[in-house]
Amino acid sequence: MTFQLEVFKPSQIIKMLNKCTDKFPVVTRDCVKVIILLIYSLQHHKLDEGQREMILVTLTKMFNNTEYYLKNCIMVALLEISDNNNEAGIICINCLIKDIDSKGFSKRPHLKNLGLRCLYSNLPQKMFYDFEKYIKQATLAPTGYDNAVILASEYLKNYDVVKKVNYDISDYHQSLINSLPINKYSGLLELKKIAKYESNLERLSNYLELDTDDQLFLEACKVLTMVRPEKVSRFVDVAVRSLKVFLRSSEIKQFAAIRILSKLSFTFPLKVSRANREIEDLIHSSNRSLGVLSIITLIRTGNQESVKKLSYKLEPYMESMPMEYSILALDTMEKLAKTEFKDFLRFLKKMMVDTKNSMVFKKYILSKFKSLMKKIDQKQKISIINYLCSYIEDPDYYQLTMDILGIIGSSLENKKELIHVYNRLILDNDHVKNCAIQTLYDLDIKFNTLETVDNFRFSNNSFVSFLKRNKNLKRGEFDMNELGEYKEDVMNYLNKEEESDEEDDYVPLKICREIDLTDKKSDFIITLIKKIFPDKCVLEFTVQSNFDKVVLQGGRITLEGNKDKYSVDVDSDGVYEIEVPFGTKGLYNGVFEYFIGLKDDTEDVENDLINLEPFTLTVLDFTKPEENLEKIQNSIKIKKQLKCNYDEVISQVVKVSNLYLEADSNNFSLSGQYNQLPILIEGKVYQKGRVSDMNMEIFCDDKNILKEIVEIFE
C-alpha cells in the first residue's frame, strides 16, 4: 500500500498557515506539517498573485522563530513559490537579509547558501543590482567558495545580469577574486552557462578529458544530455570513451557514469553501444541500482535479439526497482520489439502474475496490453484475451479485473471465454459486477449476451432490463464530457483538475522545433511550435511583451495561406492556438495587430501591428520521427553551400525536418514515416573556414513525395 499526501487548494493552505501563526510562539511541528502540504500541493495547483502574496506574508511571520530547522523549511518553501517577475517577493527580503548576516547562519554554511538562493530567487529584477554586495562578500570570504557558486548560479538566472555583470565567467573571477583558483568553481559556472544558452559549446572539449577534475568531467557529460543532440553529437564519442574508464572504477563513479550513459542512450544509442562490454560487466554488481541501470541501458542500445536475452536478466530486478525504472524498462522493450512482440508479451505476462509488483505497475502493464492490441496479429490478440480471461479468475486486485473487463469488452471474439465474464456476476463485488454488465452490454451485438444475463438472479437485474430496452446507448469507454452540465460537480466531488479528463492516448505524434516569428527587440516576441496530431495540426503561438510599464489591451494573430484564413484573439502574454486540418501544406504569412496602453491610464490606447516571419507547413512536418530499418530504392542527391559552421548546418536541417536524428562526426541521418512511407535523409558536412559544404541524399519510394522534400531543401 502506497502512502499519499492529501492535496489541498491554495485557499485551504492559507487558512492552515494563518492558524499556525495565530499561536505565539509558533509551534515548529505544526508549521512544518503545513509547509510540507504547501510544497506538495504546488505540484497540483497554481498560485495567483494574491495567494502568493498572502503565503509570503504568513511565512515571513514564522521567521521570528529561533529554530533553524523551521527556518530551513521556510526557505525551501520560499524557493518553491519564488518568482522574480512578481513584486510580492520583496515582502520577505528584510527577514532573509537579517538571517543571512547573522552569526547563526555564518556558522551554518548550508543555511546561508539557502538564504542567498531565496534572496535572489524572490528579488524583483529591478532590485538585483541593489544586492550585488552579497556576491563580493560570499566569494571573498575564505570559507565561502560554496556560497559563491550557489549565489552566482542563482544570479545567472537573468540574462541581463549575465550580460552586464558576468559576460565572461573566467574574466569575472580573475577580476573579482584573485584568491579563488580559476578551476573547479569557475568551471561549474561556465558549464551551467553553456547548458542554459547552448553557446560556446567548443569549450566543452576542455572538460571532457580524463585529466579533468572528476566533478567537472561528469558535469560536462551531463551538459551533453541537456543540449540539443545535433549541437553536441561531436563530443559524445570522447565522453563515452572516458566514461568507459569510470565504469571500471569505484562504485560511486560507476553509478555516476551509468546514469549519464543511460540518459545519452535516448538520443545516441549507437555511440553509447560502444561501451556495452563495460556496461555488461555491471549487470551482476552487488549494487542492484547499478545492475538495473545497466540492463536498461543495454536494452535501449541493443536489438531485438539482445532484448530477448536481457529480458530474462531483468525479471529478478523488477520487484525491487523504483516505479520509474520499471516503466522505463517496459517502454524501452516495447520500442525495440518493433513488430516482433512475442518475447515482450511473454515478459508482460510474467510481470502480471508476480505478486510482488504493485497495483499501479500492473495497471501500467494492462495499458501496454491495450496498446498492443492495435499492433499485433489476430493470433496474438486471441492469446492476450485468453490470458486475461484466465487472470481475472484469481486477480491480485479487483481494480485490475475492472480494467481487464474493459479490454475484453472491446476485443473478445471467442464466445467460450464469456464464462469468465459471467463468473464475475456471481463471484465478485458490486464494483466488478457493474463492470461485467457493461462488458456484456458492449458484447451484446456480437453474442446477444443481455438475454443470457437475464437468467441470472442478482441485485442489478433492473439495470440489465434497462439496457435491454435501450440498446442504442453508447458502448465502450466512458468520457467525462458525457456528463454535460454535471461534469464540473462530479470533478469537484472526485477532487480532480479539469485537465485530468483529457485522453492520455491523445498525445501529439510530433512536436516541431520552436520558430521565431518576430525579432527579439520588437514590441512583442512571438514564437511558434507546430504540434502534429493524428487528425489535425495545432499551431501554438507564445506571445511575450517587451514593454515595461505598458500593458496589452487586446490583439489578434491572423494567418493567410492556401486561400485559407485563420485568426486567434490575444488578450495578454501567454500561449494561443490555431488548428488546421491534418496534411495542410503551404506558405503562411501572418500579422499581429494589437492595442496597448499605460498601466495607470487605460483610456490612452494606441494600436499598431507587427508582420510575422513567413513559415511553411510541409510534408516533413507531418512525417513521424522514427528510426528507419527498411531499404529504400529511390533517391535524389543535392549539394548546398552555407555560410555557417557544422553545428548551425545540422541545426537548420533538423529545424526544417524535425525527424529522428543520428549524427557521427561529419555525417548525419534523419528518418521518419509519412503515412507508413519510410523517408530517409543522409548527409555529410565539410567545414571550410566560415563556409560549410553539405552533400545530402534523400530517399523515398514515392517519387512525388521525394520531389516535395527536395524542393524544401533547395
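Contact here means heavy atoms within 4.5 Å. In this predicted model, Asn65 touches Val26, Thr28, Leu70 and Lys71, not counting residues up to four places away in sequence. Asn65 is located in the loop that links α3 (49–62) to α4 (68–80), and the residue is buried, its relative accessible area being 11%.

The mean pLDDT of the chain is 80, and 85% of the residues reach at least 70. Residues 144–183 have a pLDDT below 50, and this stretch makes 85 contacts in the model beyond near neighbours in sequence. Residues 497–505 also fall below 50 in pLDDT, with ten contacts beyond near neighbours in sequence. Where pLDDT is low, predicted coordinates should not be read in detail.

The chain comprises 714 residues, of which 48% are buried. Its secondary structure consists of 32 helices and 15 strands. Of the contacts between residues at least 6 apart in sequence, 63% connect residues at least 24 apart.

The largest nonpolar core contains 96 residues, and Leu204, Leu314, Met321 and Phe369 have the most contacts inside it. At least three residues of this core come from each of domain 2 (181–302) and domain 3 (377–473). A further core, apart from this one, has 56 residues, including Ile532, Leu552, Leu659 and Ile681. With neighbours within four places in sequence set aside, the contacts of Phe369 are Leu345, Leu348, Lys349, Met352, Ile384, Tyr387 and Leu388.

The number of disulfides in the model is zero. A disulfide requires cysteine sulfur atoms within 2.5 Å. For Cys73, the closest cysteine sulfur belongs to Cys31 and lies 9.6 Å away, so the two are too far apart for a bond. Cys73 is buried at a relative accessible area of 13%. Cys92 is likewise buried, with a relative accessibility of 0%.

Several backbone features were found in loops. Most residues other than glycine have a negative phi, and most peptide bonds are trans. The peptide bond from Phe24 to Pro25 is cis, with omega near -5°. Pro25 belongs to the loop between α1 (10–21) and α2 (28–41).

Asn448, although not a glycine, has a positive phi of about 55°. This residue occupies the loop between α27 (444–447) and α28 (449–453). Asn448 is partly exposed, at 39% relative accessible area. Asn658 is not a glycine either, and its phi is positive, at about 55°. The loop that holds Asn658 runs between α31 (646–657) and β12 (660–664). Asn658 is buried, with a relative accessible area of 8%.

Glu202 is placed in the loop between α12 (184–197) and α13 (214–226). With a relative accessibility of 48%, Glu202 is partly exposed. A separation of 10.0 Å was computed between the C-alpha atoms of Glu202 and Lys231, which are 29 residues apart along the chain.

Methods:
Residues are numbered from 1 along each chain as its sequence is written. This is a predicted model: local features need pLDDT of at least 70, side-chain atom pairs count only at pLDDT 80 or more; totals for chains, interfaces and linings use all residues. Side-chain values use heavy atoms; hydrogens and water are left out. pLDDT is the predictor's confidence in each residue, from 0 to 100. Buried means under 20% relative accessible area, exposed over 50%, partly exposed in between (1.4 Å probe, protein chains only). A nonpolar core is a set of buried Ala, Val, Leu, Ile, Met, Phe, Trp, Tyr and Cys residues joined through side-chain atoms within 4.5 Å. Domain bounds come from an automatic or database domain assignment. Helices (H or I, at least four residues) and strands (E, at least two) are DSSP runs, numbered from the N terminus.
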